[in-house]
Structure formats: C-alpha cells, structure tokens
Amino acid sequence: MKITVIGTGYVGLVSGVCLSEMGHDVTCIDTNPKVVSSLKKGNVTFYEPGIEDLILKNIKQQKLSFTTSYKKGTQNTKVFFICVGTPSLKNGSCDTSFINDVSQKLSRHLTDKSIVYVKSTVPIGTNELVSKIIKKNIKSNNKFYVASNPEFLKEGDAINDFMNPDRIIIGTEDDYVIEISKKIYKPLIIKKKNIIFLKTRSAELSKYASNAFLATKISFMNELSMLADEYKISINDVKHAMSFDTRIGKHFLNAGLGFGGSCFPKDLHSLEYVFKQKKINSPLISATIEVNNNQRKRFLQKAYALYEHKELKKKKLLVWGLTFKPNTDDVRESQSIKLIKNLSKKYNHLYLYDPKGIPNAKKDLKGLTNITYLNTQYEFISKCDALILCTEWNEFVNFDIEKVAKLKDRIILDGRNVLDEALLNKSGFRYISLAN
Ligand code: UDX
C-alpha cells in the first residue's frame with residue numbers, strides 16, 4: 001500500500017521506517033530540507049538503536065523515500081499519517097498548531113476516499129478539528145476520513161515496540177477505515193490479535209490514560225521509597241514482592257530519580273490542564289507530577305549532604321548519565337540535567353559522562369563554567385571525590401570496580417537504585433541511594 005507519513009521526528013520516522021519494513025511503499029514528508037537530505041543518506045538526527053540500518057535497507061529496496069514537497073510526497077497516496085510534534089505551551093496545554101498547519105497543507109492534495117490518521121499525541125477533540133480544517137480546504141467534494149491511531153513506542157526500543165505492539169488502537173466509527181486499517185497493520189495483527197477499534201475520542205484519551213497511568217506507577221513507588229528509606233528497607237525488595245501479583249505486573253515500578261522525556265511530563269501537564277479547564281479536581285495527576293519533582297529535590301538534598309557545607313566548594317563530582325533514560329541521546333526533561341544545574345552551584349566542579357547524551361546536554365547546559373565533558377566514564381576519575389549515577393546505562397550498572405576505587409572519597413550516590421549495595425560496602429565504598 002502507498003503511504004505518506006508527515007513529520008520525521010521520533011514517532012514519524014520510526015513509523016515510516018517500520019511501515020516500509022512491513023512491505024508498504026512509504027514516503028516521509030518533512031519541511032526541513034537539512035533533515036530530509038540527511039535522511040536520504042540514512043543519517044538520523046537522534047540516536048535510536050537499529051534505525052539507520054533499517055532506513056538504508058528500505059531506501060535500497062525502494063520502499064522508503066523522503067521529500068520536503070507535499071506535491072511529490074502525496075502523489076497516488078490515499079493513506080496519510082500525521083506525526084508532527086505537539087509540544088507543551090507555558091500553561092501546560094498541548095500546542096496543536098503543527099497539526100493544524102499540516103492538516104491545511106495536506107487537504108489540498110487529498111483525493112477521493114483518502115484516510116488521514118493522526119498518530120501524534122493530541123488532546124480530546126483534535127481529530128474532529130483536523131476533520132473541520134480538511135473539510136474547509138479540500139478541493140471539490142472528495143470523500144475523506146480522519147482517524148486516531150496513537151503510537152505507544154518507547155525511545156531506545158522504538159523499532160521493537162512498533163513491530164511487536166501490545167495493541168494497535170484505531171479511533172474510528174467507519175467501516176471503510178476499519179477495513180483499510182486491518183490491511184495496513186496486517187503483518188502485525190497476524191502475530192497477535194491486538195488491533196482495537198474504538199470511538200475517536202476514546203482513542204485520543206487512551207493514549208493520555210496509558211502514559212499518565214505508567215507515570216503514576218512510578219510516582220507511587222517513588223513516594224513509597226521515602227518511607228522505605230526512612231526504615232532502611234530496600235524498595236527493590238518491595239517491588240520484587242509486588243511484581244508477582246499479576247494484577248500489578250512487574251513493569252514501571254522502578255523507584256529512582258523519577259521520570260523525564262518528551263512524553264510523560266508533557267502529557268501529564270496537558271491532562272492536568274484539561275481537567276482544570278473542565279473544572280474537575282484531579283489530585284492524582286497533580287500528585288504524580290509533584291512526587292516526581294520532589295524525588296529530584298530529595299536526591300539533591302542527599303547530594304548536598306555528602307559533605308559539610310564548607311567542604312562542598314572544594315569537592316569535585318563525577319556524574320554518570322545525562323539522558324532521561326538509557327539507550328537514547330534524548331535529554332528532554334532529563335532529571336539529570338535539572339540536577340546538574342543545581343549541583344554546579346554548590347560543588348567546585350562537575351565531570352560529566354554519558355554514552356550518547358553529551359551533544360544534546362551541551363546545548364542545555366550552555367553557560368555553566370564549572371563542568372567538563374568526559375570522553376570515557378573513567379576519564380579523570382582520580383580527580384573526582386564522589387560519583388553520582390543518574391541514568392542506568394548498562395556500562396554504569398556493570399562498572400569496573402577497580403577503576404571506580406580511584407575516586408578520592410569512595411562515595412557513590414545512586415539515583416536509580418541499581419547498584420549492589422552489599423558489594424560496594426564490602427569493597428570499602430560509602431553507598432547512598434534513594435532507598436536500596
Ligand atoms: C513513554 C511510554 O512508555 C510510551 O509508551 C509512549 O509512547 C511515550 O512515552 P518514553 O518516554 O520513551 O516512552 O520512555 P519510558 O521508557 O516510558 O520512560 C519514561 C521515564 O520513566 C524515563 O525517565 C524512565 O527513566 C522513567 N522510568 C521508567 C522510571 O523512573 N521507572 C520505571 O520503572 C520506568
């Protein structure tokens with residue numbers, strides 16, 4: 001099937017590449033010429049394991065192409081996926097101006113019986129708005145359909161999430177859209193009976209509901225970790241015990257520095273805004289956000305308490321992890337970046353390392369004068385007094401203990417509760433976590 005994807009950010013590019021891998025003939029439109037010309041060479045502006053090889057493979061097989069032109073990109077196509085960004089506005093609401101803009105541009109190129117799927121995360125009612133914009137701008141009386149198809153992929157495992165989805169959600173009440181959706185996703189549906197059709201608004205809300213629920217699970221564990229810390233109980237033990245209950249499950253129960261990234265914080269704020277707008281009290285959503293912020297502040301207090309106040313200005317910290325989670329180069333809403341901005345005010349110097357996140361971190365931490373980016377996780381380790389772990393990359397969890405023993409004060413502050421306390425204590429380290 002011929003498919004056009006609009007927007008080559010995280011969701012758009014992964015969707016375009018995976019749809020071509022599934023056998024469709026995909027054209028991706030992005031208005032940024034620089035992005036398009038690098039994508040044509042298989043170069044991606046962000047880090048996602050496996051994506052570049054898949055792009056090159058599908059370009060070679062002529063199943064995937066990129067263009068800046070709506071005219072070229074929409075030729076002979078009747079299936080469109082809108083995948084542009086929906087960032088947060090200052091008041092927490094979701095900015096849908098890119099969606100509106102794309103709907104307008106696209107409407108001029110739609111032929112009879114076109115389907116426009118909205119894949120971006122959008123507030124309730126956006127699909128209806130897209131429909132209205134298209135209706136106003138479409139040529140002649142061409143029939144068209146708008147359907148919601150939220151995407152649930154996680155950064156760092158995005159290809160696998162797209163190709164092996166737990167569920168495919170389609171918001172539509174139209175039989176024709178149901179039929180075409182089944183054809184598009186046929187290779188993924190064979191494996192599992194996992195395509196779900198529901199009303200458009202239900203589909204829109206289901207995306208927010210899923211993200212907010214996962215974030216709430218994390219905040220619940222983080223809140224509990226305060227009590228566990230007080231009583232010297234390992235929160236990981238509690239998690240382990242809870243995870244055997246199939247009603248609870250084992251995922252998203254890791255207590256630590258809290259969640260970041262481009263989705264959870266944005267979606268929670270957007271949901272909170274909508275509740276406010278409708279004058280409905282939403283203590284749970286607000287508490288999820290508050291617990292997440294508190295967790296970072298609690299960690300910061302532990303980092304300040306490592307030394308006497310007077311000593312702090314002399315001490316040098318090694319910080320491992322800048323990205324909001326492992327296997328990505330994304331530092332958006334990263335707890336680590338927020339911490340570093342505070343830590344740099346009190347500590348003498350910070351030495352920062354991340355396997356992929358340094359280029360993006362440099363943009364966010366511009367202006368800080370007492371930080372140095374390292375080439376390896378152990379570079380200058382003997383100059384550092386203590387180590388702070390902010391992101392649980394594999395190489396940080398499985399570090400070389402002999403090299404880390406060169407830390408002057410042999411102190412490790414673990415922001416993800418992932419290190420082996422007993423082993424570290426035995427090896428002469430002072431180990432501090434949020435509750436391990
Ligand atoms: C999330 C959703 O998982 C995905 O379905 C949606 O489409 C987009 O938002 P993503 O933001 O890529 O994906 O990352 P995710 O793996 O969900 O992690 C989000 C944040 O939660 C990270 O900062 C991570 O460190 C944190 N987290 C996750 C925890 O603190 N504890 C956990 O147990 C799990």
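User: What makes the shell around the ligand divide into nonpolar, polar and charged residues?

Analyst: The shell holds 9 nonpolar, 4 polar and 6 charged residues. Ala, Val, Leu, Ile, Met, Phe, Trp, Tyr, Cys and Pro count as nonpolar, Asp, Glu, Lys and Arg as charged, and the others, Gly among them, as polar. The model is predicted, so local features need pLDDT of at least 70 and side-chain atom pairs pLDDT 80 or more, while totals for chains, interfaces and linings use all residues. Residues are numbered from 1 along each chain as its sequence is written, and side-chain values use heavy atoms, with hydrogens and water left out.

User: Which residues are the closest to the ligand?

Analyst: They are Phe152, Glu155, Asn254, Phe324 and Lys325, and 19 residues surround the ligand. A residue counts as near if one of its heavy atoms lies within 4 Å of the molecule.

User: What is the distance from an oxygen atom of the ligand to an N or O atom in the side chain of lysine 325?

Analyst: The distance is 2.9 Å, and a polar contact is a pair of N or O atoms within 3.5 Å.

User: Why are helix 10 and helix 11 called oblique to each other?

Analyst: Helix 10 and helix 11 (residues 235-243) pack at about 130 degrees. Angles under 35 degrees count as roughly parallel, over 145 as roughly antiparallel, 65 to 115 as roughly perpendicular and the rest as oblique. The two helices are therefore oblique.

User: How do you know that helix 10 is oblique to helix 13?

Analyst: The axes of helix 10 and helix 13 (residues 283-304) cross at roughly 45 degrees. That makes helix 10 oblique to helix 13.

Notes
A polar contact is a pair of N or O atoms within 3.5 Å; within protein, one must be able to donate a hydrogen and the other to accept it, and residues adjacent in sequence count only if both atoms are side-chain atoms. Axes are lines fitted to C-alpha atoms, for helices over the stretch in contact, and angles run from 0 to 180 degrees between N-to-C directions. Helices (H or I, at least four residues) and strands (E, at least two) are DSSP runs, numbered from the N terminus.
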